[in-house]
Amino acid sequence: MASTPLTLAALATSAVPGLIVHGARVHTSGEEGAYTSVVVTAEAEELIVRIPRTPSAETEQSAELLGLAALTSGARARLPFSVPEARGVTRSGDTRAVVTTFLAGSHVAEDSLDPGAYLLQPIADMLSAIHELPHSIVIQGGLTVRSAQDVRLDTARFVERAGATRLLPQTVQNRWQQLLRQQELWDFAPTAIHGSLTLDRLLVAEDEVTGVLGWGEFSIGDPASDLAWLLASGPEVFDSVVARYGQQRDTGHRGHLRTRAVLYHELEIARWLMHGIDTRDQSVVDDAVAMLDRLVDRLTSIPEPHARSAALGEEELSQLLDEVPRVEDTRSDTAEYEALDEDRVFGADTDFIEPLDAADSGSGEARSGDAEAEDTPADFDPLADPDEAPARSRGPEERSADADADRERE
């Protein structure tokens, strides 16, 4: 695999016709284990060349290219920050080198966010701008569209899968299932979402968010999923940002938004557990089990009836969840093949447009990992309480048979 700055600079000229490189330097970041990256200087701008080093990084990069392609110039004009722009792709051995614009700015230090930080307002502005993007941008980009019920069912299936490992404590599983059964909690309006926000995704300068990276999970979904990462900095930071965010857009029931965000934050431990099981890494499994045990301790140490509200706001819980490494969702072979289709990314804009009737039905499409849904009756609800199941309606033949039996008894 190519690794020297000069070699990557040469790949950049191959990927971007007419590019003249004046210099190159190695780029280091929190993702250097997954990518080999070099920043090249051209006449009017700087570009970054990235070569994935693992299959998962290659899949992630492919998804990011599709997300960036969906963000047309009109969409970018609505955002108060910069987004990378894909410039070209070329083969590099068994993988490929991707060239995008390089965004200047610094990453946010984990201990720099506090309830009074000036940066909280730009973060709220960033979130609001993303969530106000028209749904058509995502639909025409051919990206995932999920309704509120889709989000709820996907979460329920993941909790069921984690529970099937028999490593998920019953206290935690019961808590998550109880939240999933609360219909009012999932009554929200889906929005455009970034889908994988963390502190590492943000670039800042002079207390302003200047750029946002990592658009591989850009989609329509639950806005609370874009807020969950804030809990790593403490519940007060989360509440402060949400208060500012709520001044700019209708968030619905703020308590429900907060509860779903906490649920997604807790589920990161289960994702870490499933990552360890899927990769057969016992050290990761042991680490996740230890985190789940500590989560149980937090939940069971708070007396009822205040257990739910106190558990959701405890700073210790946020610190525990902050220890969990983020695990990117894997994709099916079909999704990976489609993502690697570079013509979709660098072809004509019309390549992304699909009939609206087909796009509208996208929210109900079966996704990878949901094969069991194909054999599920249309009226099946995995979230319903079995004790509250309604009685089955009696058909006309059954009612007629009952009437005959009554006449015989008379």
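In this predicted model, Thr171, Val172, Arg175 and Trp176 of helix 7 meet Leu292, Leu295, Val296, Leu299 and Thr300 of helix 10, where contact means heavy atoms within 4.5 Å. Helices (H or I, at least four residues) and strands (E, at least two) are DSSP runs, numbered from the N terminus.

Two notes on reading what follows. Residues are numbered from 1 along each chain as its sequence is written, and side-chain values use heavy atoms, with hydrogens and water left out. Because the model is predicted, local features need pLDDT of at least 70 and side-chain atom pairs count only at pLDDT 80 or more, while totals for chains, interfaces and linings use all residues.

**The protein as a whole**

- Of the 410 residues in the protein, 45% are buried; buried means under 20% relative accessible area, exposed means over 50%, and partly exposed lies in between (1.4 Å probe, protein chains only).
- Take the contacts between residues at least 6 apart in sequence: 70% of them join residues at least 24 apart.

**Helix 7 and its two partners**

- Helix 7 packs against helix 10 at an angle of about 70 degrees, and their axes are 9 Å apart.
- That makes helix 7 roughly perpendicular to helix 10; angles under 35 degrees count as roughly parallel, over 145 as roughly antiparallel, 65 to 115 as roughly perpendicular and the rest as oblique.
- Axes here are lines fitted to C-alpha atoms, for helices over the stretch in contact, and angles run from 0 to 180 degrees between N-to-C directions.
- The crossing of helix 7 and helix 10 is left-handed, a term used if the near helix is turned anticlockwise from the far one by less than a right angle, with right-handed used if clockwise.
- The residues of the contact of helix 7 with helix 10 divide into 6 nonpolar, 2 polar and 1 charged. Ala, Val, Leu, Ile, Met, Phe, Trp, Tyr, Cys and Pro count as nonpolar, Asp, Glu, Lys and Arg as charged, and the others, Gly among them, as polar.
- Helix 7 (residues 170–181) also packs with helix 6 (residues 148–163), at an angle of about 160 degrees and with axes 10 Å apart.
- Helix 6 and helix 7 are therefore roughly antiparallel to each other, and helix 6 passes helix 7 in a left-handed crossing.
- On the helix 6 side, Arg152, Thr155, Ala156, Val159 and Gly163 take part, meeting Gln173, Trp176, Gln177, Leu180 and Arg181 of helix 7.
- The residues of the contact of helix 6 with helix 7 comprise 4 nonpolar, 4 polar and 2 charged.

**Helix 8 against helix 9**

- The axes of helix 8 (residues 235–246) and helix 9 come within 12 Å and cross at roughly 135 degrees.
- Helix 8 and helix 9 are therefore oblique to each other, and the crossing is right-handed.
- Helix 8 contributes Pro235, Phe238, Asp239, Val242, Ala243, Tyr245 and Gly246 to the contact, and helix 9 contributes Arg254, Leu257, Arg258 and Ala261.
- The residues of the contact of helix 8 with helix 9 divide into 7 nonpolar, 1 polar and 3 charged.

**An enclosed helix**

- Helix 2 (residues 55–70) has 16 residues and reaches 23 Å from its first C-alpha to its last, close to the 22 Å expected at 1.5 Å a residue; the expected span is 1.5 Å times one less than the number of residues.
- Helix 2 is largely enclosed by the rest of the structure, because 13 of its 16 residues are buried.

- His131 lies in helix 4 (residues 120–131) and counts as buried at 3% relative accessibility.
- Not counting residues up to four places away in sequence, His131 touches Thr191, Ala192, Ile193, Pro223, Asp226, Tyr245 and Arg249.
- His131 and His194 are 63 residues apart in sequence and 8.3 Å apart in space, C-alpha to C-alpha.
- Thr191 is found in strand 6 (residues 191–193) and, at 4% relative accessibility, counts as buried.
- Beyond four places away in sequence, the residues that Thr191 touches include His131, His135, Ser219 and Arg249.

**Loop residues with positive phi**

- Most residues other than glycine have a negative phi.
- Asp207 has a positive phi, near 60 degrees, and is found in the loop between strand 7 (202–205) and strand 8 (208–212).
- Asp207 is partly exposed, with a relative accessible area of 44%.
- Arg280 has a positive phi, near 55 degrees, and is found in the loop between helix 9 (254–278) and helix 10 (282–300).
- Arg280 counts as exposed, at 80% relative accessibility.
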